[in-house]
Every structure is written in structure tokens, then in C-alpha cells.
Amino acid sequence: MRYDGLIAHRAMLRDSERTERFAKAIEAVVRPRHVVLDVGAGSGILSLLAARAGASRVYAVERTPIASLAADLAQLNGYGETVFVIQADIQQVPPPEKVDVIVSEWLGAIGVDENLLAPVLIARDAWLKSGGTMIPSAVRTFMAPAELRNRPDAGFFRNRPYGLDLSPLAEPSIHDLFWQRRHVRPEDLAADPAELWSVDIETAPLERAFLPWRGEHAFIFSRSAAVNVLVAWFEADLAPGNTLTTAPSAPDTHWGQLQIPLEEPIEVARGDRLDVRFATLPVGDGPHQLAWSVSHNGGRWTLYDTRALPTAPTNGTRPAATLATPAANGNGAHLLGFLAELAGNPDALHAFIQNPEQVLEASGLPEAKRAALQSGNELQIQQVLVTERVP
Ligand SMILES: C[S@@+](CC[C@H](N)C(=O)[O-])C[C@H]1O[C@@H](n2cnc3c(N)ncnc32)[C@H](O)[C@@H]1O
């Protein structure tokens, strides 16, 4: 997503469901004399709302030149003396003082996938007073299988439409679907949604932002359907009693829902089971690398990822050479090195979501680190990572 021009900011500002929920949360939390930090201020909208709610000072930190718009809007609205706009990466700004509230709209289509969580946690650790408040305070990710009509599926292009070979368009159309956002209707879902993971923004250790997010669920269908997509979305607790949700049943937002494609529809009957494993990994500054796999009624697993869509159906096992890849350059003893390699290698990532135990066994990681990663226990992960400070 590009944030240095107006297009993305206009879309976010016009999203009244998002912006009004943030406004209500800020009004509920910010008190007169509070000092507020807005991480990734963009147009400065959340800073203006904090100033209007009575904050005595608001630091609006934005790394792109759109920061000048935030400064102009602060002047225009009479908050030029309250809102201090700083154009910089939040990680480079030493806090001038501790703050009572940190507000940040750092959310991607499934919450954690915009690579903004790490800067927010870094800001929390450096800027927030003890007992201060984070907006949002917790974020959860959900998924459900769905049947979407008029989906541009690969099958159409593989089946010689108009008697012509249009097969080169098959795989790109799956990719396009992945990035396309549209509002999925509740009746499109073919099974009850499941929560995949959650993150507590007030307590999560910084290292959590660099680890994979991994969830799995056995969906049981409440009706027959031709399942052609997994749909994912998030819920963010902004303030007590104020949760922003992008669920299909909620009012539409600019996020819509993430549509995670399956190559060919899976015909399911009521009572059938679909096992889904899903993982997302931060990669550098860009969007996350995602991988997912599905198995219908205990059958073969089909593996997909955002770089190589789709891969051939497999029985869920991978050759030992692939499993050993993360350790191949000698970084295996280092958990962050291991994760970086996992993120850059779709085969290894698949192997990890299919069979974390086997991949960890082959990783060369010491036992304590393997146990931590396998447990997914944040505290345990934090303990083993203290010697591996994030660069
Ligand atoms: C999703 S937008 C939100 C903008 C604005 N707060 C709003 O609610 O409309 C996230 C913003 O964070 C900025 N950003 C991302 N990483 C940053 C960082 N490390 N330091 C400062 N700003 C950052 C982006 O440039 C972008 O403008």
C-alpha cells in the first residue's frame, strides 16, 4: 500500500465506519491534559480527533511527505498549537515525553498483515506511560470458507473458453482475486467462522511482531456448497464496548474482506469437514507472505501461497532437503534467522504449516527455541529471544 499520495488516505477518510469508531474510542479514552501519540498519522485525522477530545498535546508521527497535509489540516482546524507533526519513522524519534494514550490505525485486511505492528510495539515500549492506553488494545483474525458467485476462477481460463487456449490467464486470475477486495455477504459463508489468532497490543512482546501467525481449524459445513474461497477479516477492540469489525455481517469498510482463493471449487455436503491451515509471515517492509492448505474430509492436502499459486496437491509431506532449507546457511541456531529464511522460502513455509514439529527438528535450532516456537506461547518465545535482539 502506498501512503505518500492522497489515494489511500482519501479511501480511509471516506470510510466512516472505521473513522467514526476511532473517533468514539478517542472520545471515550482521551481526557483533558492527556498527551497522545498518533503512530503513522497519515492525514492526521486521528490526531485531530484526539485534539478535539481535549488532549493537551498530540504528537503526530508520519514517515511519508503526507505529513505536510496533517500539519495543514491541524492549522485549518485550529489545532496548530496542539498537534505537533513530525515527519519521520517512529522508530527514529526519541520520545520528547511519555504519553497517556497511543492511537494507531495500523490494521491490514486481516489485522496483522500490514507490517505496522512492530513500529507500534516499539513506540509503546518507548513512549507509553505505565498504565497508559493503546487504541486498539487487542486484535483478532477470523476465517470462514465461502462460495462466491461470479468469482474469476482459474477453471474458466483452463477449460478453453470460446474454443481458444487462454490458460496463461489462469494463475494470474487467482492472484488478482487475492488482492481484490469486495464485501462478502454473510450468506456466502458455508460454515461458522473460526478465530485463528489474537494479539494483545498492551502486553505482546515486540518480538511477537516478527514471528509467523499460524492458525488452523476444522470447518464443518452447515449446508452444501461449492467452496471456492476462504474469507478472512479482523476485529479490533478500540475501547470498552467499541469493537471495529470487518466481518461480512458488519457494515462495509474500505478493507472489505480478504479472499483467499482455492484453485478449483470444492463440492461439500452438509456435515462435511474442511481442514484449513493458514500462516502469515512478515517479510521486510512489504506485505506479508501468506501460505494456506486445505484437506476435504481427510483427503490430500492442497498447498497454496502468495508467491506460487497454486502448488500441486500433495499428501502433506515434503522432501527432507526442503525441510532442512532454513538451516542450510548456518543461521539455524538463530530463531530470527530461521524465521527470515522461512519467510523467503515458500516450500519451507508450507512444510512449516503442515508439520511444524518436523521442520523444527530439521532446523538446527536449540531445543529451548524449538519448544518455544512450537508452543506459540508468547512469554516463552520472549524468554528465548532476549539474546536475539531485533535489528
Ligand atoms: C493505515 S495508514 C493510517 C493513516 C491515518 N492514521 C488514518 O487513520 O487515516 C498508516 C500510516 O502509517 C504510516 N507509517 C507506516 N510505518 C510507519 C513508521 N514506521 N513510522 C511512521 N509512520 C509510518 C504510513 O505512511 C501511513 O500513512
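Reader: Hi! Quick one to start: what share of the protein's 391 residues counts as buried?
Author: Hello! Buried residues make up 55% of the 391 in the protein. Keep in mind that this is a predicted model.

Reader: What about contacts with a separation of 6 or more: what part comes from residues 24 or more positions apart?
Author: Those pairs account for 74% of such contacts.

Reader: Let's move on to the sheet. What is the strand order in the open sheet of 5 strands?
Author: The order is S3-S2-S1-S4-S5, and the pairing is parallel. At the edges sit strand S3 (83-87) and strand S5 (128-135), each of which pairs on one side only. Ignoring direction, neighbouring strands of this sheet are turned by 20 degrees against each other on average.

Reader: How many bridges join S1 to S4?
Author: There are 3 bridges between strand S1 (residues 35-39) and strand S4 (residues 99-103), and the two run parallel. As a landmark, valine 36 stands opposite valine 101 in S4.

Reader: Nice. Which strands does helix H4 touch?
Author: Helix H4 (residues 67-76) packs on the sheet and touches strand S2 (57-62) and S3. The direction of H4 makes about 165 degrees with that of S3.

Reader: And where does H5 pack?
Author: Helix H5 (residues 117-127) also packs on the sheet, touching S1, S2, S4 and S5. The angle between the directions of H5 and S5 is about 150 degrees.

Reader: Is H5 mostly covered or mostly open?
Author: Mostly covered: 8 of its 11 residues are buried. Among them are Leu117, Val120, Leu121, Arg124 and Trp127.

Reader: Which strands do those buried residues of H5 pack against?
Author: They pack against S1, S2, S4 and S5, and also against strand S7 (194-200) and strand S8 (213-220).

Reader: Changing topic: at what angle do the axes of H1 and H2 cross?
Author: Helix H1 (residues 6-14) and helix H2 (residues 16-29) have axes that cross at roughly 70 degrees and come within 5 Å. H1 and H2 are therefore roughly perpendicular to each other.

Reader: Which residues meet there?
Author: On the H1 side they are Met12, Leu13 and Arg14, which meet Ser16, Arg18 and Thr19 in H2. By class, this contact of H1 with H2 has 2 nonpolar, 2 polar and 2 charged residues.

Definitions and conventions. Residues are numbered from 1 along each chain as its sequence is written. This is a predicted model: local features need pLDDT of at least 70, side-chain atom pairs count only at pLDDT 80 or more; totals for chains, interfaces and linings use all residues. Side-chain values use heavy atoms; hydrogens and water are left out. Buried means under 20% relative accessible area, exposed over 50%, partly exposed in between (1.4 Å probe, protein chains only). Contact means heavy atoms within 4.5 Å. Two strands pair if DSSP finds at least two bridges between them. Helices (H or I, at least four residues) and strands (E, at least two) are DSSP runs, numbered from the N terminus. Axes are lines fitted to C-alpha atoms, for helices over the stretch in contact, and angles run from 0 to 180 degrees between N-to-C directions. Angles under 35 degrees count as roughly parallel, over 145 as roughly antiparallel, 65 to 115 as roughly perpendicular and the rest as oblique. Ala, Val, Leu, Ile, Met, Phe, Trp, Tyr, Cys and Pro count as nonpolar, Asp, Glu, Lys and Arg as charged, and the others, Gly among them, as polar.
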